[in-house]
Amino acid sequence: MASFLLFLSIISFLFPFISSSNSSTTIPLSFLNTNTNQDFYQKLTHLASFSLARAHHIKNPQDSSISNIPLYPHSYGGYSITLPFGTPPQKIPFVMDTGSSFVWFPCTKKYQCSKCPVSSQKNPTFIPRLSSSARVLGCLNPKCSWIHPKNSPKSLCHDCESRNRTNCKHACPPYMILYGSGSTAGIGLVETLNLPNKKIPNFLVGCSLLSSQQPAGIAGFGRGMSSLPNQLGAKKLSYCLVFHMFDDIPKSSMLVLDTVYEKSKNLIRTPLLKSPFVAGRNALAGYYYVGLRKITVGEQIVKVPYQYLAPNSKGNGGTIVDSGTTFTFLNHDIFVPVMNAFVNQVKGFSRTEKIERLTNLRPCFNVSGHKIVSLPEMKFHFQGGSEMVLPLANYFSIVGENDVICLTMVSDSRLELSTGPSIILGNFQMQNFFVEFDLKNDMFGFRHQVCK
């Protein structure tokens, strides 16, 4: 509470007061790497650790009296977009995240970020006083309830609800977002989002003043009211993630938001499942759930246990698609059979437990001296009979001097990770896949292609 009161005093001090058509918006999408000085072992260890931290946060979201919006510790590589806010426009980089539903940027010249990557210091911050369209979000604005549920017993807007509604000039309470390894805090603004040939006035965006371990702002593309697709009225969201080797590359692909629906062709489709609504776990309602039924490794079938097929009444179970997670997370009861399927079918290569301990990835195999390496094929089988055949580079990565390969999926035996989604499909497994979220018909579509 003391830290929150200090934050309120800072707020009062600081605030005394791409191509496009009419139906679609296209935004360049680039890989974001914040660990440019790490060697390859360190990068893999970092990515595995933060994928687990991300999984822990997604599976155990916590509501609070300050904010119920889930974000994540994204100081690992992610995918970024640039959005122009304000009048005149100020271009700000964001991490694209389908696992959250709030948009926020580093804000004001007083913005402070502790333990943030050195590279993030070069990112611009949004300056509200330089924009003629920036307004502090008021308590009576319906969008305040997107950040703070109106029925919250601790809502700081209570006085506006009980008396003098028409004269209430209170600002919407500040948000403070906490997650596995980091945080951000600020106030809500309504501002103009400038897209090519299109302006979105009164867009709800967070003006963060304090952050920890954040390389950039977050653009939430989830199912929540405050997400970017929802505020744009998008009928479809699609993107194609360029392939990367944990490094900065000049290539980018496109993220497309369609406001006029037209069915895409040549896609493999599976239904987007209904998100659970669980008291005290509002974050679950913003995730994109799909029906992953089984995984095949070579000739071996790993069925997803019945209790993990879909979320139950407590919000536990099911599979989500999350662009903010790097390596796919599998609950322990699913991961172990998948790992054993590889171990049992990979012949002629010894496991390297030293590298497994070093990287937190397993299994790892020593392939030194082999010019050709043959590994079992991996497929995801979804509801409705659709299959996603993963390219080898999407589930095994070369480690070190081309002599070790490791499975790029993670798990954890901690009991708390048995809650929430059982499987989190990460961006590493989605490289060179065109994916589409059909928001009108609740369908998830995909096809393998070279993203560029």
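Helices (H or I, at least four residues) and strands (E, at least two) are DSSP runs, numbered from the N terminus. On that basis the protein has 7 helices and 29 strands. The model is predicted: local features need pLDDT of at least 70, side-chain atom pairs count only at pLDDT 80 or more, and totals for chains, interfaces and linings use all residues. Residues are numbered from 1 along each chain as its sequence is written, and side-chain values use heavy atoms, with hydrogens and water left out.

Start with the whole protein. Of its 452 residues, 58% are buried. Buried means under 20% relative accessible area, exposed over 50%, and partly exposed in between, with a 1.4 Å probe and protein chains only. The accessible surface is about 19300 Å², and carbon and sulfur atoms hold 53% of that surface. These areas come from the Shrake-Rupley method with a 1.4 Å probe; for residues, only the protein chains shown count as cover.

Now the sheets. Strands of a sheet pair through backbone hydrogen bonds, either parallel or antiparallel. Here two strands pair if DSSP finds at least two bridges between them. Strand E16 (residues 292–297) and strand E22 (residues 378–382) run antiparallel and are joined by 5 bridges. Leu-292 stands opposite Phe-382 of E22.

Another open sheet also has 4 strands, ordered E20-E21-E25-E24, and its pairing is antiparallel. E20 (350–351) and E24 (396–399) are the edge strands, each pairing on one side only. Two bridges, in the antiparallel sense, link E20 to E21 (residues 364–366). In this pair, Ser-350 faces Asn-366 of E21.

Turn to helix H6, residues 332–345. Its 14 residues should span 20 Å at 1.5 Å a residue, and the end C-alpha atoms are 20 Å apart, which agrees. The expected span is 1.5 Å times one less than the number of residues. Ile-334, Phe-335, Val-338, Met-339, Ala-341 and Phe-342 of H6 are buried. Seen down the axis, the buried residues of H6 fall within an arc of 150°, so they line one face of the helix. That arc is taken over the directions from the helix axis to the C-beta atoms.

Last, the disulfides. A disulfide is counted where a pair of cysteine sulfur atoms lies within 2.5 Å. The count by this rule is 4. Cys-107 and Cys-207 form one of them, S to S 2.0 Å. Cys-107 sits in the loop between strand E5 (103–106) and strand E6 (112–114), Cys-207 in strand E10 (residues 198–212), 100 residues apart. The link is left-handed, with -90° about the S-S bond. Both cysteines, Cys-107 and Cys-207, are buried.

Cys-240 and Cys-451 form another disulfide, with sulfur atoms 1.9 Å apart. Cys-240 lies in strand E12 (residues 236–240) and Cys-451 in the segment after strand E29 (443–448), so the pair ties together parts 211 residues apart in sequence. The torsion about its S-S bond is about -70°, so this disulfide is left-handed.

Cys-364 and Cys-406 are also joined, S to S 2.0 Å. This link is right-handed, with 110° about the S-S bond. Cys-364 lies in strand E21 and Cys-406 in strand E25 (residues 404–407), so the pair ties together parts 42 residues apart in sequence. Both Cys-364 and Cys-406 are buried.
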